[in-house]
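Q: Please take a close look at the place where the chains touch. Then follow the parts around it in one connected account.

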Amino acid sequence: MSAVVVSSVTKTFNQGRTDEVVALSDVDLTVGDGEFVSLIGPSGCGKSTLLRLIADLIPPSTGTVTVAGKGAGTARKEQAYGIAFQQAGLFEWRTVLRNVELPLELRGMTKAARRTRAEQMLALVGLEDFGGHYPAQLSGGMQQRVAIARALAVQPPLLLMDEPFGALDEMTRERLQSELLGICAKTGTSTVFVTHSISEAVFLSDRVVVMSARPGRITASITVGLPSRDDAGRQSPAYFDKITEVRQALRGAPLKTAS
Amino acid sequence: MRKVLYAVIGLAVAVALWEGYKVVGSPDGTVLFGVRVLPRADDLSMPHVWTVLDRLGRPELTGGRPVWIVVVQACLFTLGITAAGFVIGALVGLLLAVAMERFRIVERGLLPYVILSQTVPLVALAPLVAGWGGTIMPAWATVSVIAAYLAFFPVAVGMLRGLQSPSASGVELMRSYAAGWWRTLVKLRFPASLPYLFPALRLAGAAAVVGAVVGEISTGTRGGIGRLIIEYSREATSDPAKVYTAMLGAALLGLVVAGLVSLLELPLMRHRRHVEVVTL
């Protein structure tokens, strides 16, 4: 079963008004179980909109979205996915631990169980010593790690990420990329990852989906398959070849392996 | 400790200004183009600070209780009225804010009237409310109603702003957790609104004191500090220090209310106290 199936989806904002915008036009996308898919494209190509459709934060104008075999709305109500945004968006009045507990709390998990789970999640992102801190006491990178721990807390089969590392510096970003890959490998989570960065998309993904703007649509789907995902992988020729391929796809140049 | 020191310094400056003006100011005040721009500095208009303090210790009337006891009792009476008005006003403001946040149409329809309510002169409203006294509620409660009428406004406006303060991503996050309106309110909007609520409550506290003092005067309710100011001011020509003792009491009442309201924040704003950032 596929983690996500988006079929013939169109999204039009402000339909029938003078400020009508076609954000997505006839989009089809399938994310396999355990697959890591990046959405990349220029600003306004609708990649965040596509992510929000999968998350059922907005409804599609036409077409259907299926998450783990269920409708997107049902999947959301069952908390079948975890989500993280560009801004960590932690609740500043809650401690780090209680932030991670939030989705568990809303699921009605008992206090002891959610505490144990939240501590595990914090350990996963290497912040087990900071459970009692408030978000304002942490650096941006640490806050983002808490947000990832929070997204993973319900142990969802699907992780949706909207430029989660966009506001971080290069070093922190690379470290978190490696951590994220480790976590996804460990938990077998499928991931849809929105990004601006070509190198980030290529390094993280099994598949990079390239989008173009006005109207937003998918123009290419590039399978990556690096030999390894570590520093050696970052320097391998395959890595640079794929970066070039994605860059060409973004520019709309002729493609070698469009599917 | 430092706060106490600053408070003492502030008090000393106020006394120095008062007494300093009495030294340099003209006893008849300063008149420019037929308008008195600075008050009279004679002992009848501005008694010495020590005269006022001395008056506090002497009996209200010959053989009666000392003035300070009368003033403190009046302040306590008004404090009760203020507290009732503050609580009612804060609750009404809170409910209005929640209703306005929940329904856009309520916000559009109600907010203009909420603002309009504060432009109605209190003296026009007081006789109407005073009429309720003794029939549907005790007389003192009518004063609380007037205090609440002034107090609800900052809470309604501030709280609405606070409830609308969470970022779109916070709201989306709650939606992704399948949290409905009520749980989003409890877990996200309400805690997020606290930094807006507390300044609003302080304003409401001050407004409730003003409402209670003015309300006592305009409804003719006996026993409070507002009434005492009026009573003592009738004796201002023969005993000018006396009315200032009552005003001192009213000022003290305002400070006490402000202090009590700010105590409310302490347990709820813990996360604001730590500021040291850890970098790793």
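A: The contact takes 20 residues from chain B and 21 residues from chain A (contact: C-beta atoms, placed from the backbone, within 7 Å). This is a predicted model, so local features need pLDDT of at least 70 and side-chain atom pairs 80 or more, while totals for chains, interfaces and linings use all residues. Residues are numbered from 1 along each chain as its sequence is written, with chains lettered from A and ligands numbered from 1 in the order written.

Start with the side of chain B that touches chain A. The largest share, six residues, comes from α7(B). By type, this side divides into nine nonpolar, seven polar and four charged residues (nonpolar: Ala, Val, Leu, Ile, Met, Phe, Trp, Tyr, Cys, Pro; charged: Asp, Glu, Lys, Arg; polar: the others, Gly among them).

In α9 (residues 225-233) of chain B, the buried residues include B:I225, B:L228, B:I229 and B:Y232 (buried: 20 or more other C-beta atoms within 10 Å of its own; exposed: 12 or fewer; partly exposed: in between). B:G226 and B:R227 are buried there too. The cover over these residues includes α3, α8 and α10 (240-268) of chain B.

Chain A has nine helices and 10 strands. Its C-alpha trace spans about 55 × 50 × 35 Å along the principal axes. Of its 259 residues, 45% are buried. Among contacts in chain A with a separation of 6 or more, 68% join residues 24 or more positions apart.

One open sheet of chain A has four strands in the order β2-β1-β4-β5, with antiparallel pairing (a pair needs at least two DSSP bridges). Strands β2 (21-31) and β5 (70-71) stand at the edges with a single partner each, so one side of each has no neighbour in the sheet. Two bridges join β4 (residues 62-67) of chain A to β5(A). In this pairing, A:V67 stands opposite A:K70.

Helix α1(A) lies across β1 (4-13), β2 and β4 of chain A. Seven of the eight residues of α1 (residues 47-54) of chain A are buried, so this helix is largely enclosed by the rest of the structure. Its buried residues are A:K47, A:T49, A:L50, A:L51, A:R52, A:L53 and A:I54. Just after α1(A), A:D56 takes a positive phi of about 60 degrees.

Strand β3(A) is another enclosed element. Five of the five residues of β3 (residues 36-40) of chain A are buried, so the rest of the structure largely encloses this strand. A:F36, A:S38 and A:I40 point one way, and A:V37 and A:L39 the other. Five bridges join β3(A) to β8 (residues 190-195) of chain A, in parallel. Four bridges pair β3(A) with β9 (residues 207-212) of chain A, also in the parallel sense. A:S38 takes part in both pairings: its bridge partner in β8(A) is A:F193, and in β9(A) A:S38 stands opposite A:V208.

Key:
Two residues are in contact if their C-beta atoms, placed from the backbone, lie within 7 Å. Axes are lines fitted to C-alpha atoms, for helices over the stretch in contact, and angles run from 0 to 180 degrees between N-to-C directions.
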